[in-house]
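Please look over the sequence and the model before reading the points below.

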Amino acid sequence: MAEKPRARRTQGADTGTSVITKAVVVTPVLTPRARGRADIGGTEWHMSLSPRARLDEAVGLAEAIDLHVVYSETVTLSAPRPATLIGAGKVAELAEIAADGGAEVVIIDHQLSPVQQRNLERDLKAKVLDRTGLILEIFGHRARTKEGRLQVDLAHLEYQRGRLVRSWTHLERQRGGGGFMGGPGETQIEADRRLLQERIIRIKRELETVRRTRELHRAKRRKVPFPVVAIVGYTNAGKSTLFNRLTGASVMAEDMLFATLDPTLRRVRFPHGTVVILSDTVGFISDLPTHLVAAFRATLEEVVEADLIIHLRDISDPDTAAHASDVAEVLESLGIEASDSDRVVEVWNKIDQLAGSDRERLLRRHADETAPVAVSAVSGEGIDTLVAEIEQRVAGRIHEFEVTLTAEQMPLVDWLYRNGEVTGRNNHEDGSVTIQIRATDAAREEISRRLSNENRK
């Protein structure tokens, strides 16, 4: 295949020159006949994406850490091979392709056992990454905060714990006892596992401190009861772009898988006075490793605790339905039903990328109130409708009404302007004022409460 434009460049140790890291990407695909026994090989096979889409995604994941993909293909398997996953003939062919292209990394877009990874590295004479390892590499590049780095470190250690497969000399037993007759000590692999386990325990303790800190922050937010709205979706669905559009923030938002890793929270005041805490979360992806979800539990608790969840979909992607299914699986693992329409709002993003006829058909077909909200986070189209939907969900419907304030109640005027949309105002000769306002149910109840308190004074 044609070479990809992205390249990972690192500085040479002595010359200061740039070095390109080249990679080969392979996506194994089971034949239709073999799918009935897809458990062969000890791992599950993800079938929701088309082979072409799965390959494109794998290439995108490689490019997300600036690897230069010199060759990529799907490999059809009648049955997974226990030793190498793919057949010996294809392994030999890939070894030749990697050598000719100068590839230092071969990415197998599937979960590999430790033995399979070791055998492939031996036969291909290159570093081999499976899907889990590749995602971990990306997360390692993206983590910026201390919490993010801790979570990535924990996931890496959990991944490595079962992959201590090295050369025979490395696995020889250390000598135990004090003399010649001393019995054999622990093997090097046992020592490594013990060290890994100690590091895992230490990081889990640090993450528990992070979790308690987050819980304290959430407790403080509950005392000032601003509803939390979390944006979730498949990676590259446009979550950070939407977050920036709604908040005016400048969270990194690029056409790149996992551009954002660390969660970001911002307080937002909507046009009718509703104040919410908006949360941008890490993107989901198919076959997200279980231990990775567990490691990011502290981050994902922001989703679990959210009052409203925006499930953002890239409606221009041909595989958007499969992506939605993958997101639903992750949400369900967190105890959240994606079909819960009272808590989850489905939003279709990137309508600006649809062709004219497709776009008109989509908007016409989904014009009723129960349909997903169609938006373009880039152009801003549909954002007003989304904001109104969020306000209605968290604070009730919008009402138009009048409020008359006496001269003694004039301090409330500023609060009305900040918590509603003032559409008219009449000043009276006796110093009172009548204000026409559009506000939510919650704001209307708060106005009544404040007026009652003022009347008691």
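The structure is a predicted model. The chain has 457 residues, of which 50% count as buried. Its secondary structure consists of 14 helices and 16 strands.

**The chain as a whole**

- The accessible surface of the chain amounts to about 23,100 Å², and carbon and sulfur atoms account for 48% of that area.
- When contacts between residues at least 6 apart in sequence are considered, 68% of them join residues at least 24 apart.

- Six strands make up an open sheet with mixed pairing, and their order is 9-10-8-11-12-13.
- The edges of this sheet are strand 9 (264–269) and strand 13 (373–374), each of which pairs on one side only.
- Within the sheet, strand 8 (residues 228–233) pairs with strand 10 (residues 275–280) in the parallel sense, over four bridges.
- In strand 10, Asp280 is the residue that stands opposite Ile231.

**Helix 5**

- Helix 5 covers residues 146–161, a run of 16 residues.
- From its first C-alpha to its last, helix 5 reaches 22 Å, close to the 22 Å expected at 1.5 Å a residue.
- The buried residues of helix 5 include Leu150, Val152, Leu154, Ala155 and Leu157.
- Also among the buried residues of helix 5 are Glu147, Gln151, His156, Glu158 and Tyr159.
- An α-helix has 3.6 residues a turn, so residues three or four places apart point the same way.

Note on methods. Residues numbered from 1 in each chain as written. Predicted model: local features only at pLDDT ≥ 70, side-chain atom pairs only at ≥ 80, totals over all residues. Heavy atoms only, no water. Pairing = 2+ DSSP bridges. Helix = DSSP H or I, 4+ residues; strand = E, 2+ residues; numbered from the N terminus. Expected span 1.5 Å × (residues − 1). Buried < 20%, exposed > 50% of the residue type's maximum accessible area, 1.4 Å probe, protein only. Contact = heavy atoms within 4.5 Å. Areas by Shrake-Rupley, 256 points an atom, 1.4 Å probe, with all protein chains shown as cover.
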